[in-house]
Amino acid sequence: MLENIRLSFKGIWSHKMRSFLTMLGIIIGIAAIIAIVSTIKGTNEQIKENLIGSGDNTVEISLYQGDWTYEMGYEGIPAGVPVINSQMMEEIKNIDHVVGASAYLSRQEYEVYHLNTSISGGNVLGVDNSYFSTCNYIIRRGRGFSQKDYSQFRKVALLDKDSSDALFQGEDPLGKTIEIKKEPFVVVGIVEKSKIFEPTINSIEDYYTYSQDASGKIYIPNTTWPIIYQFDEPQNLVIEVESTDDMTNAGKSAADILNSYVSSSDETLKYKAEDLLEQAKQIQQLSQSTNSMLIWIAGISLIVGGIGVMNIMLVSVTERTQEIGLKKAIGAKKSNILGQFLTEAAVLTSMGGIMGVISGIILAEVISRLSEMPVAISVPAAVGAVVFSMAIGIVFGVFPSYKAAALDPIEALRRE
Amino acid sequence: MILDLQHIFKDYNQDKLVVPVLKDVNLQVEEGEYVAIMGPSGSGKTTLMNIIGCLDRPTSGAFELAGTDILTLKDKELSNVRLNSIGFVFQSFHLMPKETALENVSLPLSYAGVKKKERKERALKALTRVGLEDRATFMPTQLSGGQKQRVAIARAMVNNPKILLADEPTGALDSKSGAQIMELFQKLNDEGVTIVMITHDSNIASHAKKVYNIIDGEISQAVKKEETHEEEN
């Protein structure tokens, strides 16, 4: 086998120009496929990153009524939906790959004022102390909530960057008072995601997809919640998981646990995890279907390349009739000859495949520079491409190799 | 008995016409013999050699090589016989042009599944036997005709075959190189190698210890070398 590979390289090297031209079909086909796959992968990864945010592996679980999140009226928690207690939290924290979990209260609030400035559509969240670590928030300025804030029902608030910008417009918010539903709260700190992630926006569609969450958030201790709202409201849950790929499953498991405690007569009342991975996949599929067409077209060029390989191998067999005759005369079996020519075809196309992968990567880089499309090189695709081109060599090499192996040594030796 | 051919017939079919090439050929060669088969072109000597070399099958007859009934063997087994029991030497050498002398000589060993290191050792030994150990890394184009033929002989000998089969071994050589090849054959025969040589040249045939004449597909009785010597004297 090694001997065959050595002979193949020698044969290919001794006909450099011819070998290169033979490989060209394979090179072009593989390069096209690698370039397409790289752009698909680049786009997909960007979609996923934009939706999920890099490194922030949190899943939100909320109570839904039918297809929409449950809207609080004045009636409080719906019958049959229990408040999330410590036992449920324990169960959720025991789910595989779950790192942390925190239950919180949330409402969209239009009545938030600083003097005469208000924010519309901001969210007020009643949180416990584990919320900020679970969601990877850090206190950028000021302080976080202390034990006393909770135990003494202090009316204090933390703002994120969006809400502080909207309410204070560049003024220093620390120590200032804001009004939520006419109740005064003192701003004690500003929080920020520990990893700031800006989605990459390439088009107006991207903008609509990713920028819906720009209105600000105002955090208050969950113990003070009933001062402005009511006791026992439905809670949301946020869980942090080990890796992005765990998000879907862990989110579902957590929702299932919560649902097992729900005993409402309203069948449509259910906890659901927002599945960003699923959303990402749906967007990805749109771009993928057009590109898979392109891959098929590139595949045709590989078949054409394979036929070229077969053609040259047939010429090569004719040229080397004497060599084959001699080898058979001195004891080479059919299988030896078959192996030699098949190896040569496979080595030829594998080399073409490797060159194709390299040119494909270069092509993808050029595309990304010129069109600002994201590219990501897929290692499995590169390996697959080389293996596939090797397979092409074997498939299209079978006929010429078999022809060589079947040569009559007497005839073959006689030919000059 | 190394070679035992009994009543060998070989016909070729040419456009519905049956052309007999070998007619009732009987040939026995003992171990260590040095035999020449001489005949003009068209006499059937190449066909006979192809049959002895297990490259061709006779139309009828019996053929044993070192006690093995060759005619019952399958193609794959015939390959093994050619690999292990027969060493071929051709008129036009048939060396691989892109391989060194050493690589050419070790080619049959690779088919025999010999490990790389041992292949090199044995090929070098075979080259030494033909006096070309200092040309091991030379390409065929860098060798003279006589040297090429000696490389081919080393290749034929490298698997220690039972019989060395030479088809016009000096046909492409000048007389001086030809004489050197004949000396080498003599030396190998003295070392115990059985040689069957096919030629049209009576001078070359006279180097063998036994000469058969083949004319129109029929083989004559052997002429012993001792007798020819007496005639010459």
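In S2(A), A:Tyr64 has A:Thr69 as its bridge partner. Before going on: this is a predicted model, in which local features need pLDDT of at least 70 and side-chain atom pairs count only at pLDDT 80 or more, while totals for chains, interfaces and linings use all residues. Residues are numbered from 1 along each chain as its sequence is written, with chains lettered from A and ligands numbered from 1 in the order in which they are written.

Strand S1 (residues 58-65) of chain A runs antiparallel to strand S2 (residues 68-69) of chain A, joined by 2 bridges. Strands are DSSP runs of E, at least two residues, and helices are runs of H or I, at least four residues, numbered from the N terminus; two strands pair if DSSP finds at least two bridges between them. The two form a hairpin with 2 residues between them, and A:Gly66 in the turn has a positive phi of about 65°.

S1(A) also pairs antiparallel with strand S13 (residues 269-273) of chain A, over 5 bridges. There A:Tyr64 stands opposite A:Lys270. With strand S12 (residues 236-241) of chain A, S1(A) pairs in the antiparallel sense over 4 bridges, and A:Val59 stands opposite A:Ile239.

Now the chain contacts. 15 residues of chain A are in contact with 17 residues of chain B, contact being C-beta atoms, placed from the backbone, within 7 Å. On the side of chain A that touches chain B, H11(A) gives the largest share, 4 residues.

Last, A:Ile34. Its contacts beyond four places in sequence include A:Gly356, A:Ile361 and A:Ala385.

Key. Contact = placed C-beta atoms within 7 Å.
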